[in-house]
Amino acid sequence: MKEVHKMVEVTLGKTGITVNKNGFGALPVQRIPKEDAVYLIKKAYEGGITFFDTARNYTDSEEKLGAALEGIRDKVFVATKTAAKTAEKFREDLEISLKNLRTDHVDLYQFHNPSFCPRPGDGTGLYEAMLEAKEQGKVRHIGITNHRLSVAMEAIDSGLYDTLQFPFCYLATDKDLELVKRCREAGMGFIAMKALSGGLINNSRAAYAYLAQFDNVLPIWGVQRERELDEFLSYVGNPPEMTDEIRAVIDKDREELLGEFCRGCGYCMPCPVGIEINNCARMSLMIRRAPSAAWLTSDAQEKMKKIEQCLHCNQCKGKCPYNLDTPALLEKNLKDYLGLPRRSETNVMKKDTVGVVTGLAWTAVGGQTMPIEV
């Protein structure tokens, strides 16, 4: 008989929000039909997930979430975000979000990756608008999301925020770990976005087991397909724990991935010549670690070829929150994409004991042989 463990919960700092250590990231549901999105969200709730994170910028994600949670709104926690740069736009975003979510309040309202830390008296009126919304009961708790360590540190030190949402996974650096520690000391909740590093981590059990070591961290998993949701729901009753086998997987991935790689956040965009930087600058890793036929279509090949038009204006480099040499990464990935070795064999990898590994086959594309998902 399968051993069933006690459900693991996490409390977001001083907010009192206590939920299962699996949050639902609703960014990907903007890519699927409403009926499918509603089905996934309802299934997530029925499976024990009660924290749902979305944003005003995620096209129709809020609308789909609102439709799915109607009737159970008081049984879940809803977080959304605004990228507003003025108080007027802040108020407009909040009203639209409330309407889309079919609710009169947001449990956690977050400033969406601002380039600075909003605070009273900074001249923008943003934090004052947030406090006004909280006084009106439209916002229960105040949060901030970011990809910049300096802004995240300032938010923690300010004492103005209840939560921080920041990229965090087992590829974390010492500086990332310091953020988690500082949030705990400050009584702030820590929400881990990109817990699978934008698809580069392909072992969700290892991802969960690593984050389980931090009792103040709530990972939010981006869900688009039912099979993805089923993986995370299986961890509600039987949460993965760190083992030597999982630790070996993590060590191997850290050796391969730590350093100069694109996280796919997209804050370098747009490109003056239309290069899809957030995918093209990490194609070498994606095509090997998250293989998909989508990387090999004629459309994908055209997108990669656009790298040849790079102006080396360095706008993307200047906007990268990870201080990457983005033009150099683009050139490196194009060279690799065009020069993938020919394979005559089919290499099929099967599900192992610690997670799912997608298989690779090889197919001729544009006169070359390239990997596809099998």
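The model is predicted, so local features need pLDDT of at least 70 and side-chain atom pairs count only at pLDDT 80 or more, while totals for chains, interfaces and linings use all residues. Residues are numbered from 1 along each chain as its sequence is written, and side-chain values use heavy atoms, with hydrogens and water left out.

Start with the whole chain. The protein has 14 helices and twelve strands. Both are DSSP runs numbered from the N terminus: helices are H or I with at least four residues, strands are E with at least two. Of the 374 residues, 51% are buried. Buried means under 20% relative accessible area, exposed means over 50%, and partly exposed lies in between, with a 1.4 Å probe and protein chains only. Contact means heavy atoms within 4.5 Å. Among contacts between residues at least 6 apart in sequence, 73% join residues at least 24 apart.

Next, the helix pairs. Two packed helices are described by the angle between their axes and the distance between the axes. Here axes are lines fitted to C-alpha atoms, for helices over the stretch in contact, and angles run from 0 to 180 degrees between N-to-C directions. Angles under 35 degrees count as roughly parallel, over 145 as roughly antiparallel, 65 to 115 as roughly perpendicular and the rest as oblique.

Take H5 (residues 149–158) and H6 (residues 174–186). Their axes come within 10 Å and cross at roughly 15 degrees. H5 is therefore roughly parallel to H6. H5 passes H6 in a left-handed crossing, meaning that the near helix is turned anticlockwise from the far one by less than a right angle (clockwise would be right-handed). From H5, Leu149, Ala152, Met153, Ile156 and Asp157 take part; they meet Lys175, Asp176, Glu178, Leu179, Arg182, Cys183 and Ala186 of H6. The residues of this H5 and H6 contact divide into seven nonpolar, no polar and five charged. Ala, Val, Leu, Ile, Met, Phe, Trp, Tyr, Cys and Pro count as nonpolar, Asp, Glu, Lys and Arg as charged, and the others, Gly among them, as polar.

H7 (residues 204–211) and H9 (residues 244–257) pack at an angle of about 100 degrees, with their axes 10 Å apart. H7 and H9 are therefore roughly perpendicular. Arg205, Ala206, Ala209 and Tyr210 of H7 meet Ile246, Val249 and Ile250 of H9. This H7 and H9 contact has six nonpolar residues, no polar ones and one charged.

Now the interior. In soluble globular proteins, nonpolar side chains tend to be buried together. A nonpolar core is a set of buried Ala, Val, Leu, Ile, Met, Phe, Trp, Tyr and Cys residues joined through side-chain atoms within 4.5 Å. The largest core holds 102 residues, and Phe24, Phe52, Phe90, Tyr161, Leu164, Phe168 and Phe190 touch the most other members. H7 supplies the largest share of this core, six residues. Another core, of eleven residues, lies apart from it; Val10, Leu108, Ile191 and Leu218 are among its members.

Which residues does phenylalanine 190 touch, not counting those up to four places away in sequence? They are Leu12, Leu164, Phe166, Phe168, Leu179, Val180, Cys183, Asn216, Val217 and Leu218.

Alanine 44 sits in helix H1. Its relative accessibility is 0%, so alanine 44 counts as buried. Beyond four places in sequence, alanine 44 touches Phe24, Ile49, Phe52, Leu229 and Leu233.

Helix H2 (residues 61–69) is mostly covered, with eight of its nine residues buried. These buried residues pack against H1 (34–46), S4 (51–53), S5 (77–82) and H3 (87–101). Lysine 64 lies in H2. Is lysine 64 buried or exposed? Lysine 64 is buried, at a relative accessible area of 3%. Its contacts beyond four places in sequence include Val29, Arg31, Pro33 and Ile41.

Last, the backbone. Most residues other than glycine have a negative phi, and most peptide bonds are trans. Threonine 59, in the loop between S4 and H2, has a positive phi near 40 degrees. Asparagine 314 also has a positive phi, of about 65 degrees. Asparagine 314 is in the loop between H12 (298–305) and H13 (315–319). A cis peptide bond joins methionine 269 and proline 270, with omega about 0 degrees. Proline 270 belongs to the loop between H9 and H10 (277–280).
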